[in-house]
Amino acid sequence: MIVTRSWLQEWIDIRDISTKSLIATLNRIGLEVAQLYRLALPGGVVVGRVISCQKHPDADRLTVCEVEIGEGKRLQIVCGARNAKYARYVAVATVGTKLPNGMEIEPTTIRGVESYGMLCSATELGLPKIEDGIMLLDESIGEIEVGKELNELPIFRDEVIDIELTPNRGDCLSVLGIARELAGVLKRKIKSVDLEESNALQIGIGRLLNLKVARDVEANLIYKAFSAKNFTNPFLIRFRLALVGEQFDNRADEFGYYITHSTGVITRVYGYHFFDSETPAIVVKKDENSFDAVYGRDKGSIIGVIQYDQSKPDREEERFIIEASYIEPEKIAKQIYEKKIETDWEFYRSSRGSEPRLEIALRYFKYLLRRYYTEFMVYAGTHEVVKEIEQKAIKIDFDELDTLIGQTIERSTIVDILKSLEFEILSVTEDSMVVKVPVFRHDIDNLQDVAEEIVRLYGIDNIASKPLCFFEKNRLNRDSEAFGKRRLIRELAVGSGYFETVSFIFSSSKKLERYGLPRVAEELDLVNPITSELDTLRTSLVPNLLDQVVTNIKNGRRRVKLFEVGKVFDRERREREMVAFVFSGEREPEGVFNQGKPQSVEFNDIFKDMASILGDFTLKSVEEPPNGLMHPYQRGEMVRGGERIGWIYKLTLPLQEELELPPTYLAEVELEKIDIDYPKAKPFSIYQLSFRDLSLLVDREISFQEIREALGDLPEEVRRFYPIDLYEDEQLGGKKSITIRFAIQSDKKTLTEEEIGTIMEGILERAKERVGAELR
């Protein structure tokens with residue numbers, strides 16, 4: 001973004017601030033100055049007034065000019081520029097002047113005509129190109145004094161400032177935007193260019209043309225009409241545009257871009273001829289690509305994107321329509337990305353966020369006309385398409401703000417800074433405040449952005465240095481916990497050799513009935529199933545898993561380990577998330593260690609897998625099986641913390657034979673009931689761990705589970721106990737022998753044999769009393 005010091009002065013009073021301080025201030029608030037240079041013209045170049053301009057007697061492309069250079073001096077100068085015949089005031093390099101390109105001006109004779117000086121173009125004076133030919137000066141440079149050296153005029157002693165902007169700072173793509181930033185940090189006011197309508201301007205824009213707008217148009221638009229004879233932009237406008245690197249062939253483009261660069265409002269100028277018809281009208285509607293577009297005789301422009309040549313004023317045109325527009329930057333950027341149509345300078349600005357307060361451009365437009373133009377008339381009134389732009393409201397928690405900044409800033413200082421940046425303060429409490437973001441600040445969305453604004457104006461140098469630390473809210477919730485469980489179970493299952501399968505959330509009602517699984521109530525079931533085979537919501541993951549096993553076995557697989565994580569439904573259509581596993585066929589891959597003949601999978605194999613995936617749990621007998629898939633003898637409930645978390649079971653033999661499957665074992669687990677925590681350190685004893693076996697005779701109907709429950713709370717020295725042998729024989733009558741191993745250890749000392757014996761005797765007495773056990 002390029003500005004000049006004098007251009008900034010139009011918007012903010014900086015006369016008492018040195019350029020060095022100005023640059024330091026811009027850098028301090030994050031507007032990094034990439035380049036600064038002062039205009040410097042050579043001595044000996046003066047303002048000249050053209051008295052006459054005649055055709056050269058011996059050259060078609062040369063003219064002979066008589067030029068006054070002050071104090072009654074007149075010079076005859078031969079000039080080759082085509083625009084010399086239009087010149088009134090020019091830059092004259094007098095004899096003896098040395099130009100930046102090294103040329104020294106001397107009296108000379110050109111095709112037989114003497115010449116005593118040179119009419120200069122901008123580039124010959126070391127300036128950027130302004131126009132083809134020589135510079136045509138006018139009163140916009142200040143009071144004209146013929147004979148005064150150009151390097152004494154303020155316009156040619158200006159300072160040019162090139163500022164690097166990040167893409168999100170579209171609000172600073174204007175002189176007003178830069179001035180607004182300076183006003184905030186320097187605690188100064190932006191100058192107003194408000195002008196009242198002259199009573200002489202009685203003709204309304206409605207008498208010239210109408211506005212027709214489609215309902216789905218999304219842009220904000222204001223149109224104003226004016227007429228001007230011999231409409232040509234003054235030297236100041238053309239000169240400043242050259243300094244910022246812009247040059248246009250069309251005077252309307254020049255005028256519109258100048259207003260845009262100064263105010264930040266996208267401004268275009270149309271020729272009235274483009275809308276002229278039996279019923280002249282500006283038509284705004286969606287085009288074939290869904291862009292907001294302006295139509296007259298044809299499509300004249302795409303708002304926020306491009307203006308086409310056919311809608312621009314002709315060279316001789318005297319009536320004009322000026323347009324100020326705004327369109328949401330994210331929307332227009334996305335549309336261009338998708339459609340990839342031709343754009344011009346307008347899109348660069350609109351896609352980064354232009355100034356949405358369109359009335360600023362119209363006030364500045366009238367200011368320019370009255371200051372630099374003659375013989376013009378502005379039509380009264382406007383045509384408008386105005387949609388309210390929602391201002392974002394942000395709550396600022398002072399504690400969180402202090403953490404982001406790294407120190408506490410006085411609340412009154414924060415309020416003053418935000419007000420200077422044109423934030424609207426909605427409310428302030430002891431702990432927080434709520435502010436509304438200015439409509440022109442498209443880059444501010446959250447507290448972090450607000451904190452950055454406060455630091456910019458408060459001064460990063462005023463923030464005390466501290467070690468880096470991080471602060472983040474605790475974002476853990478039920479959803480994140482469930483996600484963590486799913487991810488960890490997947491990792492552990494894959495690590496245990498299982499492959500994940502994914503299936504539809506639908507199932508076959510016939511298959512559910514055949515497997516003895518519940519169905520969703522008829523009145524809650526699917527109304528329009530996608531296929532006849534998937535006509536209901538699944539109540540279990542198992543049917544789909546079994547289908548996958550059947551497919552793999554038929555494809556020659558001898559060993560299949562699969563799992564699935566997904567939602568199932570109960571009869572009332574309530575959801576819950578389950579994990580199901582299936583282990584079918586051979587317990588291990590073929591290899592030398594098993595002579596290529598591995599045994600079939602057994603209950604203990606899937607039990608070990610579940611232990612490695614889910615952690616510790618105990619098994620209880622299944623009294624009421626939840627489905628018809630469970631083997632009557634090889635099945636068990638997985639219990640943890642006294643609560644059932646799922647089942648392990650073998651597939652029933654009739655179903656196994658029907659599906660032509662080898663021995664198949666399944667496990668179903670409710671995800672919500674699985675607690676997967678990070679490993680925690682536990683105290684351990686440094687004293688010897690002892691093992692003692694106890695062989696008991698109990699009734700055959702008594703299970704180990706009943707013995708475990710009967711023994712209840714044992715002394716703390718009994719760390720754990722588990723069965724290691726089971727023996728049944730007719731000689732034992734109605735009894736069976738079960739051997740239980742006890743692990744015994746103290747946290748305080750090494751236990752003696754006598755102490756261990758006492759503990760074992762207590763266990764035996766409890767077993768005798770509660771389950772009628774006898775020592776074998």
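Contact here means heavy atoms within 4.5 Å. Helices (H or I, at least four residues) and strands (E, at least two) are DSSP runs, numbered from the N terminus.

This is a predicted model, in which local features need pLDDT of at least 70, side-chain atom pairs count only at pLDDT 80 or more, and totals for chains, interfaces and linings use all residues. Residues are numbered from 1 along each chain as its sequence is written, and side-chain values use heavy atoms, with hydrogens and water left out.

**Helix 17 and its cover**

Start with helix 17, residues 704-711. Its residues Phe704, Gln705, Ile707, Ala710 and Leu711 are buried. Buried means under 20% relative accessible area, exposed over 50%, and partly exposed in between (1.4 Å probe, protein chains only). The cover over these buried residues includes strand 29 (618-620), strand 33 (690-699), strand 34 (718-727) and strand 35 (735-744), along with helix 18 (753-771). Gly712 follows helix 17 and has a positive phi, near 60°.

In soluble globular proteins, nonpolar side chains tend to be buried together.

**Helix packing**

Axes are lines fitted to C-alpha atoms, for helices over the stretch in contact, and angles run from 0 to 180 degrees between N-to-C directions.

| Helix pair | Axis angle | Axis separation |
|---|---|---|
| Helix 9 (398-405) and helix 11 (447-458) | about 60° | 10 Å |
| Helix 10 (411-420) and helix 11 | roughly 95° | within 10 Å |
| Helix 4 (235-243) and helix 5 (251-263) | roughly 70° | within 10 Å |

Angles under 35 degrees count as roughly parallel, over 145 as roughly antiparallel, 65 to 115 as roughly perpendicular and the rest as oblique. At about 60°, helix 9 is therefore oblique to helix 11. At roughly 95°, helix 10 is roughly perpendicular to helix 11. At roughly 70°, helix 4 is roughly perpendicular to helix 5.

Residue classes are used below. Ala, Val, Leu, Ile, Met, Phe, Trp, Tyr, Cys and Pro count as nonpolar, Asp, Glu, Lys and Arg as charged, and the others, Gly among them, as polar.

From helix 9, Glu400, Leu401, Leu404 and Ile405 meet Leu447, Gln448, Ala451, Ile454 and Val455 of helix 11. This contact divides into seven nonpolar residues, one polar and one charged.

From helix 10, Thr413, Ile414, Ile417, Leu418 and Ser420 meet Val450, Glu453, Ile454, Leu457 and Tyr458 of helix 11. Here the division is seven nonpolar, two polar and one charged.

From helix 4, Leu236, Ile237, Arg238, Arg240 and Leu241 meet Glu254, Phe255, Tyr257 and Tyr258 of helix 5. That contact has six nonpolar residues, no polar and three charged.

**Val450 in helix 11**

Val450 is found in helix 11. Is Val450 buried or exposed? Its relative accessibility is 0%, so Val450 counts as buried. Leaving out residues up to four places away in sequence, Val450 touches Ile394, Ile396, Leu418, Phe423 and Ile444. Val450 and Gln656 are 206 residues apart along the chain, and their C-alpha atoms are separated by 66 Å.

**Positive phi and an exposed tyrosine**

Most residues other than glycine have a negative phi, and most peptide bonds are trans. Lys187 has a positive phi of about 60° although it is not a glycine. Lys187 sits in the loop between helix 3 (175-186) and strand 11 (210-213). Lys187 counts as exposed because its relative accessibility is 72%. Ser290 also has a positive phi, near 70°. Its place is the loop between strand 14 (281-286) and strand 15 (292-295). With 42% relative accessibility, Ser290 counts as partly exposed.

Tyr633 belongs to strand 30 (residues 630-640). At 71% relative accessibility, Tyr633 counts as exposed. Tyr633 and Val622 are eleven residues apart in sequence, and 9.2 Å apart in space, C-alpha to C-alpha.
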